[in-house]
Amino acid sequence: MFISLISDKLNEKGFSNLHNLINYHDYNKNNHDLTLFDKSHTFSYQNEHRIIANTNVDEPVKFEIGPMHEYAEIHSTEDVIKNAIFR
């Protein structure tokens with residue numbers, strides 16, 4: 001739902017956009033055809049999901065999607081480590 005709201009807002013503003021999980025690669029092992037959704041394996045701990053908007057402007061894009069408590073959860077670091085929520 002969160003990604004859909006962002007994509008909808010970008011579409012409303014007339015900006016084409018893409019989103020996907022990042023692919024992590026060891027660039028020393030193989031040749032890779034890189035896209036905007038590729039990154040070095042040294043950053044794989046980030047588990048990044050990237051949103052790319054083609055704005056054709058050199059300024060920030062701002063919009064409202066509502067309160068974050070509707071999309072996000074707060075967890076203590078202890079609970080994250082204990083329960084491996086992000087693994």
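Let me start at one spot: G14 comes after helix α1, and the phi of G14 is positive, near 85°. Helices here are DSSP runs of H or I with at least four residues, strands are runs of E with at least two, and both are numbered from the N terminus.

A word on the source. This is a predicted model, where local features need pLDDT of at least 70 and side-chain atom pairs count only at pLDDT 80 or more, while totals for chains, interfaces and linings use all residues. Residues are numbered from 1 along each chain as its sequence is written, and side-chain values use heavy atoms, with hydrogens and water left out.

Now the layout. The protein chain has two helices and four strands. The order from the N terminus is α-β-β-β-β-α.

Next, the overall dimensions. The C-alpha trace spans about 40 × 40 × 20 Å along its principal axes. The radius of gyration of the protein chain is 16 Å, whereas a compact globule of 87 residues would be near 12 Å. That radius is taken over C-alpha atoms, and the globule rule is 2.2 Å times the number of residues to the power 0.38. Of the 87 residues, 16% are buried. Buried means under 20% relative accessible area, exposed means over 50%, and partly exposed is in between, with a 1.4 Å probe and protein chains only.

Back to α1. Which residues of α1 are buried? They are I6, S7 and L10. Seen down the axis of α1, these buried residues fall within an arc of 100°, so they line one face of the helix. The arc is that of the directions from the helix axis to the C-beta atoms. What do the buried residues of α1 pack against? The partners are β1 (16–21) and β4. Contact here means heavy atoms within 4.5 Å.

On to the rings. The count is one aromatic pair. F2 and Y71 form it, tilted, at 5.5 Å centre to centre with 55° between the planes. F2 lies in α1 (residues 2–12) and Y71 in the loop between β4 (49–54) and α2 (77–83), so the pair ties together parts 69 residues apart in sequence. The rule: rings of Phe, Tyr and Trp (its six-membered ring) pair if their centres lie within 6.5 Å; planes under 30 degrees apart are stacked, over 60 edge-to-face, the rest tilted. F2 is partly exposed at 30% relative accessible area. Y71 is partly exposed too, at 21%.

Last item: K39 lies over the face of F43, 5.4 Å from the ring centre. That call needs NZ of Lys or CZ of Arg within 6 Å of the ring centre and within 35 degrees of the ring normal.
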